[in-house]
Amino acid sequence: MAGKNQTLILEFLLLGLPISSEYHLLFYALLLAMYLTTLLGNLLIILLVRLDSHLHTPMYLFLSNLSFSDLCFSSVTIPKLLQNMQSQVPTISYADCLTQLYFFMVFGDMESFLLVVMAYDRYVAICFPLHYTSIMSTKFCALLVLLLWMLTISHALLHTLLMARLSFCEKNVILHFFCDISALLKLSCSDTYVNELMIFIMGGIISIIPFLLIVMSYVRIFFSILKVPSSQDIHKVFSTCGSHLSVVTLFYGTIIGLYLCPSGNNSTVNEISMAMMYTVVTPMLNPFIYRLRNRDMKRALIRVIFSKKISL
Ligand SMILES: *[C@@H]1O[C@H](CO)[C@@H](O)[C@H](O)[C@H]1NC(C)=O
């Protein structure tokens, strides 16, 4: 596809964050702290679910999966950003850029799908408590997770292959802090019509359908507790659903805003701050918003620490 007399670009410049140099150190320290918090918070969840057999239920296994993809999701972008903030010439090779794009999509999709599965899990648990164990069997859950992986891998592969088809000629400055799909499309000198069409169609399917499914699960949960109101149940349901919903809104709100609004209306700074929101802030807050606050998690933590002490 490459033109005959075009020099092909092998390396991009990642412009990074639009901040003035006096705040550079501050942002660097802040990002590093947030990244470490993300790693620790999510690793703790994965370890707890692994070590404590009381947490071997679908809900916590999905949470642990979510933690795993949170961890990977922020590891795709932040270490490279931190490295680039240190270097004078913040470059990324063409191959690294496509790899970053691929894994960014894999784990981003994985998060959005897992949020759906978790909403469904709550829906079954609250609306069909007697059938919960037979519906959410180990086999079914494993199958669900396998299906999610297949979906995310093929969706990411589709966009990465479509991107690899394009050629890049003279413009090589990415106005972003990672190889974002729309930032890359703006640089290409090939026809990007098919790519944009696929982003629009698949982006719509991948973000709107899961979001609607989550909303539907919650509407049903809401009506089922209205039928048998007991204040304790209501409190319990609202405390877990409220936090889950805030994660969902944070995650989907930014993504839907970013990919479905015409890019002309979004300034680069806006795009970057929204991207910061879901690559840095959401994965960091997820463990805190509705996992570590949870009573089962605290008990598990105490049990794990205590049993380790005894075994030592
Ligand atoms: C993800 O979920 C599956 C199915 O519930 C489970 O078997 C697996 O251990 C989980 N993975 C992690 C990393 O928690």
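Predicted model: local features only at pLDDT ≥ 70, side-chain atom pairs only at ≥ 80, totals over all residues.
View 1. Next to S64 in the numbering comes N65. An N or O atom in the N65 side chain is 2.2 Å from an oxygen atom of the ligand.

**View 2. A shell of residues surrounds the ligand.** Which residues surround the ligand? They are R50, L61, S64, N65, C141, A142 and V145. How much of the ligand does the protein cover? On its own, the ligand has 360 Å² of accessible area, and the protein covers 73% of this. Helix 2 (58-86) and helix 5 (138-164) are the elements that give two or more residues to the shell.

View 3. The order of the strands is 2-1-3, and their pairing is mixed. Strand 2 (91-93) and strand 3 (173-174) stand at the edges. Each has a single partner strand, so one side of each is left without a neighbour in the sheet. Strands of a sheet pair through backbone hydrogen bonds, either parallel or antiparallel.

**View 4. Strand 1 runs parallel to strand 3.** Strand 1 covers residues 11-14. How many bridges join strand 1 to strand 3? There are two. Look for L14, which stands opposite I174 in strand 3.

**View 5. Helix 3 packs on the sheet.** This helix spans residues 94-127. Which strands does helix 3 touch? Helix 3 touches strand 1, strand 2 and strand 3. The direction of helix 3 makes about 85° with that of strand 2.

View 6. An unreviewed UniProt entry lists several residue ranges under "transmembrane region", among them 25-48 and 197-216. Over residues 25-48, the chain in the model is 100% helix and 0% strand. The end C-alpha atoms of this stretch are 34 Å apart. Residues 197-216 are also 100% helix and 0% strand. Here the end C-alpha atoms are 28 Å apart. Other ranges in the UniProt list include 60-81, 101-120 and 140-158.

Definitions and conventions:
Residues numbered from 1 in each chain as written. Heavy atoms only, no water. Pairing = 2+ DSSP bridges. Helix = DSSP H or I, 4+ residues; strand = E, 2+ residues; numbered from the N terminus. Contact = heavy atoms within 4.5 Å. Axes fitted to C-alpha atoms, helices over the stretch in contact; angles between N-to-C directions. UniProt positions renumbered as here; feature names shortened; annotations may be inferred. Near = heavy atom within 4 Å. Polar contact = N/O pair within 3.5 Å; in protein donor to acceptor, adjacent residues only side chain to side chain. Areas by Shrake-Rupley, 256 points an atom, 1.4 Å probe, with all protein chains shown as cover.
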